[in-house]
Amino acid sequence: MLNSAKAYLNNACNNDMSSDDRYKFIIVELATLYYQNRGVLTTVKDFPYSLRCVINQLKYN
């Protein structure tokens, strides 16, 4: 889950932001979201709004 979260964020930001504290926060939150929605019967439409806002901050920073 952690590797998938890191890969997603590095791809979304087009660079390595691992020194940023927001990056570390997003990795933990993404991995948690992936873990909570790992079953075949769960569907997630999109990331929570607050998480999407922080991802966009890094993406356009």
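**View 1. Ser18 in the loop between H1 and H2.** Ser18 is partly exposed, with a relative accessible area of 34%, where buried means under 20% relative accessible area, exposed over 50%, and partly exposed in between, computed with a 1.4 Å probe on protein chains only. Ser18 lies in the loop between H1 and H2, the helices (H or I, at least four residues) and strands (E, at least two) being DSSP runs numbered from the N terminus. Once its neighbours within four places in sequence are left aside, Ser18 is in contact with Tyr23 and Lys24, contact meaning heavy atoms within 4.5 Å. Ser18 and Lys6 are twelve residues apart in sequence, and their C-alpha atoms are 8.9 Å apart in space.

This is a predicted model, in which local features need pLDDT of at least 70 and side-chain atom pairs count only at pLDDT 80 or more, whereas totals for chains, interfaces and linings use all residues. Residues are numbered from 1 along each chain as its sequence is written, and side-chain values use heavy atoms, with hydrogens and water left out.

**View 2. Confidence along the chain.** The mean pLDDT of the chain is 84, and 93% of its residues reach 70 or more, pLDDT being the predictor's confidence in each residue, from 0 to 100. Confidence is highest in helix H2 (residues 21-36), at a mean of 90, and lowest in helix H3 (residues 49-59), at 88.

**View 3. The crossing of H1 and H2.** Two packed helices are described by the distance between their axes and the angle between them. The axes of helix H1 (residues 2-13) and H2 come within 8 Å and cross at roughly 125 degrees; axes are lines fitted to C-alpha atoms, for helices over the stretch in contact, and angles run from 0 to 180 degrees between N-to-C directions. H1 and H2 are therefore oblique to each other, given that angles under 35 degrees count as roughly parallel, over 145 as roughly antiparallel, 65 to 115 as roughly perpendicular and the rest as oblique. The crossing of H1 and H2 is right-handed, a crossing being left-handed if the near helix is turned anticlockwise from the far one by less than a right angle, and right-handed if clockwise. On the H1 side, Leu2, Ser4, Ala5, Lys6, Tyr8, Leu9 and Asn10 meet Tyr23, Ile26, Ile27, Leu30, Ala31 and Tyr34 of H2. The residues of this contact divide into ten nonpolar, two polar and one charged, where Ala, Val, Leu, Ile, Met, Phe, Trp, Tyr, Cys and Pro count as nonpolar, Asp, Glu, Lys and Arg as charged, and the others, Gly among them, as polar.

**View 4. The crossing of H1 and H3.** Here the axes of H1 and H3 come within 9 Å and cross at roughly 50 degrees, which makes H1 oblique to H3. The crossing of H1 and H3 is right-handed. Tyr8, Leu9, Ala12 and Cys13 of H1 make the contact with Arg52, Ile55, Leu58 and Lys59 of H3. By class, the residues of the contact of H1 with H3 divide into six nonpolar, no polar and two charged.

View 5. Ile55, found in helix H3, counts as buried at 0% relative accessibility. Beyond its neighbours within four places in sequence, Ile55 is in contact with Tyr8, Leu9, Ile26 and Phe47. Ile55 and Ala12 are 43 residues apart along the chain, and their C-alpha atoms are separated by 8.1 Å. Ala12, placed in helix H1, is buried as well, with a relative accessible area of 15%. From C-alpha to C-alpha, Ala12 and Asn56 are 8.9 Å apart in space, although 44 residues apart in sequence.

View 6. H2 passes H3 in a left-handed crossing. The contact is formed by Arg22, Tyr23, Phe25, Ile26, Glu29 and Leu30 of H2 with Leu51, Val54, Ile55, Gln57 and Leu58 of H3, and by class the contact has eight nonpolar, one polar and two charged residues. Phe25, found in helix H2, counts as partly exposed at 43% relative accessibility. The C-alpha atoms of Phe25 and Leu51 are separated by 9.3 Å, the two residues being 26 residues apart along the chain.
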